[in-house]
Amino acid sequence: MTGSHEFVVVANRLPVDVQVSSKGKVSWDRSPGGLVTALHPVMQSQDGAWVGWSGRADTDLDPFEADGMHLVPVPLSAQEVENYYEGFSNATLWPLYHDVIVDPTYHRYWWNAYLEVNRRFSEAAAEAAAEHATVWVHDYQLQLVPQMLRRLRPDVRIGFFNHIPFPPVELFGQLTWRKEVVDGLLGADLIGFQRTGDAANFLRAVRRFTDYSPRGQSVTIGQHWTRPERHVRVGTFGISIDSSQVDELARSKKTEERAAELRRELGDPDVLLLGVDRLDYTKGIRHRIKAFGELLREKRVTVPSTALVQVASPSREQVAQYKTLRQEVEVMVGNINGDYGSWGRSAIYYMHHSYPQEEMVALYRAADVMLVTALRDGMNLVAKEYVAARHDLGGVLVLSEFAGAADELGQALLINPHDIEGLKSAIMRAATMEPPERRRRMRALRKRVMSGDVQAWAEKFLAALAEDRRAHD
């Protein structure tokens, strides 16, 4: 049975935050996020459907219309959320794909839940898609969907985009189900990654763990699934942000006034350092705080003339490693503030909650130095948001070479976050950089960020997917 939608997005979450009243009435708010922004126009123009979980366990909702999109909720039980999402996705795959910064945990019952939930997503997508539709599957939670969907619907065109890094084969090989994951991804016609290194790692995994031999950026799939043979293209498509919207927001009088007010509330420091992250061990938050603490101890910076604002939005709070990380970060912040703060003046202003975009853009405008110290990151859109907010050509971006954004933002001060001395030197260089160099670097960064927004990213991927269809039809 085929559906009526020419374009179907499959992602772990729906693009809206769903609320269900005590009487069963469903209401929703549109989720903030680049993916929704990028795909919303396509969804509206092609009468698209979006398949995803509502975010509420043990809630079975009928498909509904919201914000010009047809939404298809996939139900998950509380046990499945624990095993598929918190377990296999975020305690097995996430650490494995991020250089094993913390040890992955391997459980067969987690894998079984992952298998079952991917099957359910595949069936929902198969039911929503019209004949010869385009289906775009997103991210590491759904790596088995392309193959499962192809078996159900060999007529559809399937794209897959991995938003996080793909690990080298020496690490990926730890995964008991490595071949199943690679085969799952090879169900797609086009597989996209953030960085060329990620694409290369995947192609090496294909060569190591399957019988296929990639040629260039292509893998030919023969009689195992379909005849005639099918070609899977592997490409690099670095994601971006809605840069013009951030730029417009940053230019508003209200934002400028709020940025000035924030600096006053923080004691008008000479240098304001900023970190904005999900509270995740991949983000290098501890490394950043350690470096700042040492600069204070060495009296290379002092309070209140220098302050660090660290926004760490809550993340995966049921996963054990995240609970531990929060405790460690808060102890570090408390120790530094106890040693170097004074009445009404903190060395570090630590906020463990999320802020609306307007407040974040004002914070970007207020900050002299943006610290992005990720230990491994698919892209890191905060770096791009900071650049898009700095139409004044002020501010300096200190950026980890292990974030995907480093491939594009070479005019940032690139650092190895594991090198604490190097990180301290970069912070000092950023804090004391002369205005002409600041402007030159920021101008170059803005040229890159403003010319390639998230909608252009989506159009580039979908154009490549359509091109492959024409080439092989």
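H6 passes H7 in a left-handed crossing, a crossing being left-handed if the near helix is turned anticlockwise from the far one by less than a right angle, and right-handed if clockwise. Helix H6 spans residues 178–185 and helix H7 residues 196–209, and the two pack at an angle of about 120° with their axes 10 Å apart; helices (H or I, at least four residues) and strands (E, at least two) are DSSP runs numbered from the N terminus, while axes are lines fitted to C-alpha atoms, for helices over the stretch in contact, with angles from 0 to 180 degrees between N-to-C directions. H6 and H7 are therefore oblique to each other, given that angles under 35 degrees count as roughly parallel, over 145 as roughly antiparallel, 65 to 115 as roughly perpendicular and the rest as oblique. Arg178, Lys179, Val182 and Leu185 of H6 make the contact with Phe202, Ala205, Val206 and Phe209 of H7, where contact means heavy atoms within 4.5 Å. By class, this contact of H6 with H7 has six nonpolar, no polar and two charged residues (Ala, Val, Leu, Ile, Met, Phe, Trp, Tyr, Cys and Pro count as nonpolar, Asp, Glu, Lys and Arg as charged, and the others, Gly among them, as polar).

The model is predicted, so that local features need pLDDT of at least 70 and side-chain atom pairs count only at pLDDT 80 or more, whereas totals for chains, interfaces and linings use all residues. Residues are numbered from 1 along each chain as its sequence is written, and side-chain values use heavy atoms, with hydrogens and water left out.

Residues of H3 including Leu115, Phe121 and Ala125 take part in the contact, and H4 contributes Val145, Met148, Leu149 and Leu152. By class, the contact of H3 with H4 has eight nonpolar, two polar and two charged residues.

Next comes an open sheet of nine strands with mixed pairing, in the order E5-E6-E4-E1-E7-E8-E9-E11-E10; two strands pair if DSSP finds at least two bridges between them. Its edge strands are E5 (64–66) and E10 (218–221), each of which pairs on one side only. Neighbouring strands of this sheet are turned by 25° against each other on average, direction ignored. Within it, E1 (residues 5–13) and E4 (residues 49–53) pair in the parallel sense over four bridges, and valine 9 stands opposite tryptophan 50 in E4. H4 packs on this sheet, touching E7, E8 (157–161) and E11 (230–236), and its direction makes about 170° with that of E8. H7 also packs on the sheet, touching E9 (190–193), E10 and E11, and its direction makes about 145° with that of E11.

Another open sheet has six strands in the order E14-E13-E12-E15-E16-E17, with parallel pairing. Strands E14 (348–351) and E17 (413–415) stand at the edges with a single partner strand each, so one side of each is left without a neighbour in the sheet. E16 (residues 396–400) and E17 pair in the parallel sense over three bridges, and serine 400 stands opposite isoleucine 415 in E17.
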